Amino acid sequence: MYILGFESSCDETGVALVHTEKGLMAHALHSQIDMHKAYGGVVPELASRDHIRRVVPLTRQVLQQAGVSLAQVDAIAYTAGPGLNGALLVAASVAQALAWSLDLPAIAVHHLEGHLLSPLLAEPAPSFPFVALLVSGGHTQIMRVDGVGQYELLGETLDDAAGEAFDKSAKLMGLPYPGGAHLAKLAQQGDANRFQLPRPMLHSKDFDFSFSGLKTAVLTTIRKLEASDALDQQALADLAASVQAAIVDVLGKKAIKALQATGLKRLVVAGGVGANQQLRQYLHAQMQKLRGEVFFPPLNLCTDNGAMIAFAAAQRIRAGLIDLQDPALRTYQFKVQPRWDLTQV
């Protein structure tokens, strides 16, 4: 069974084709980084308009790459939230219109569920149950996952997410957009021990996070360096390394703490920050000590993409959570949800 998936929740247009038994057949992605770079961040209206321009050519590309025609597609999936309202409407309206024209079921997918299940596209893939560290955009959460659709929230950020901490710190340091990737690259040249930055809530008795204080500490450090005329390239590199070390320290130790509390031995990391090499190295080392396993999505599927959306729909179908004969999937009436609790899916 072929599932065609659409993703347009923020600044990346993704289309993919997944087979329920064969897995990912083809996917294509267009990033809007170059367009938003001039503004230092995502401009929602520009993002929405660019999604409109890209979605049809990407769909044709995916079908051609997979050697599959529209007539062979069995269902259409799309990101219904969370995300930017206008951007979400592009994938939702295109998916619903295409499903209506082909008399196919249209499946609304939770963006974070797509990220959460994306490590199952890797080899080897994790088996249930596991603890998931979900670090995507404005979301940082720790979940217990007992199966598809069986999600228990253990902890989440109370303010800034890890990705926001990376990006906002980078912006304060004058690094180009997207800041997180540039900060991680600069950190390779720095000394992470030069600046003692805070690890907010590291020793709290729960699994929640807070990163807003880290951003404030970065700003204070920069002002001190400027005042003493010491803000040179090496200082920036050292600060970048210190920021990265603080974020990785908090994420890693909280995830390990959640594993120990649940008694589980499998950890899954998903979302854009999951591509961070220092985080990967830290967790690999810690899981070896615990004689456990850690799983990540393929690097090209860490950021937003259509593959995770089509795959999440396929997994729900295989788990019996979606009946493709359900008339509700053919009403072709829809709404998007910029805010949407994953545990309510």
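## A loop residue to start with

M201 counts as partly exposed, at 26% relative accessibility. For these labels, buried means under 20% relative accessible area, exposed means over 50%, and partly exposed is what lies in between, using a 1.4 Å probe and protein chains only. You'll find M201 in the loop between α6 and α7; helices here are DSSP runs of H or I with at least four residues, strands are runs of E with at least two, and both are numbered from the N terminus. M201 isn't a glycine, yet its phi is positive, at about 60°.

Before going on, a word on the model itself. This is a predicted model, where local features need pLDDT of at least 70 and side-chain atom pairs count only at pLDDT 80 or more, while totals for chains, interfaces and linings use all residues. Residues are numbered from 1 along each chain as its sequence is written, and side-chain values use heavy atoms, leaving out hydrogens and water.

R291 sits in the loop between α9 and β10 (293-295). With 80% relative accessibility, R291 counts as exposed.

Now for the prolines. F128 and P129 are joined by a cis peptide bond, with omega at about -5°, and P129 belongs to the loop between α4 (111-117) and β6. The bond from Y177 to P178 is cis too, its omega being near -5°. P178 has its place in the loop between α5 and α6.

## Two helix pairs

Two packed helices are described by the angle between their axes and the distance between the axes. The axes are lines fitted to C-alpha atoms, for helices over the stretch in contact, and the angles run from 0 to 180 degrees between N-to-C directions. Take helix α2 (residues 44-66) and helix α3 (residues 85-102): they pack at about 25°, and their axes are 8 Å apart. α2 and α3 are therefore roughly parallel to each other; angles under 35 degrees get that label, those over 145 are roughly antiparallel, 65 to 115 is roughly perpendicular, and the rest are oblique. On the α2 side, S48, H51, I52 and V55 meet G86, A87, V90 and V94 of α3, where contact means heavy atoms within 4.5 Å. Sorted by class, this α2 with α3 contact has five nonpolar, three polar and no charged residues. In that sorting, Ala, Val, Leu, Ile, Met, Phe, Trp, Tyr, Cys and Pro are nonpolar, Asp, Glu, Lys and Arg are charged, and the others, Gly among them, are polar.

How do α5 and α6 pack? Their angle is about 75° and their axes are 7 Å apart. That makes α5 roughly perpendicular to α6. F166, D167, S169 and A170 of α5 make the contact with G179, G180 and L183 of α6. By class, the α5 with α6 contact has three nonpolar, three polar and one charged residues.

## The nonpolar cores

The largest nonpolar core has 50 residues, and M173, L251 and L267 have the most contacts inside it. Such a core is a set of buried Ala, Val, Leu, Ile, Met, Phe, Trp, Tyr and Cys residues joined through side-chain atoms within 4.5 Å. Elements giving two or more residues to this core include β6 (130-136), α7 (212-227), α8 (233-262) and β9 (266-270). Which element gives the largest share of this core? That's α8, with 16 residues.

What does M173 touch, leaving aside neighbours within four places in sequence? M173 is in contact with L183, L186, V218, I222, L236, L239 and A240. There's also a second, separate core of 36 residues, which includes I107, L116, A270 and I317.

## Some residues with accessible surface

K265 is in the loop between α8 and β9, and it is partly exposed, with a relative accessible area of 48%. Not counting residues up to four places away in sequence, K265 touches L259, M287, L290, R291, G292 and E293. K265 and I142 are 123 residues apart along the chain, and their C-alpha atoms are separated by 15 Å.

W100 is part of helix α3 and is exposed, with a relative accessible area of 59%. Q333 lies in the segment after α10 (306-318); at 68% relative accessibility, Q333 counts as exposed. Q333 and L102 are 231 residues apart in sequence and 15 Å apart in space, C-alpha to C-alpha.
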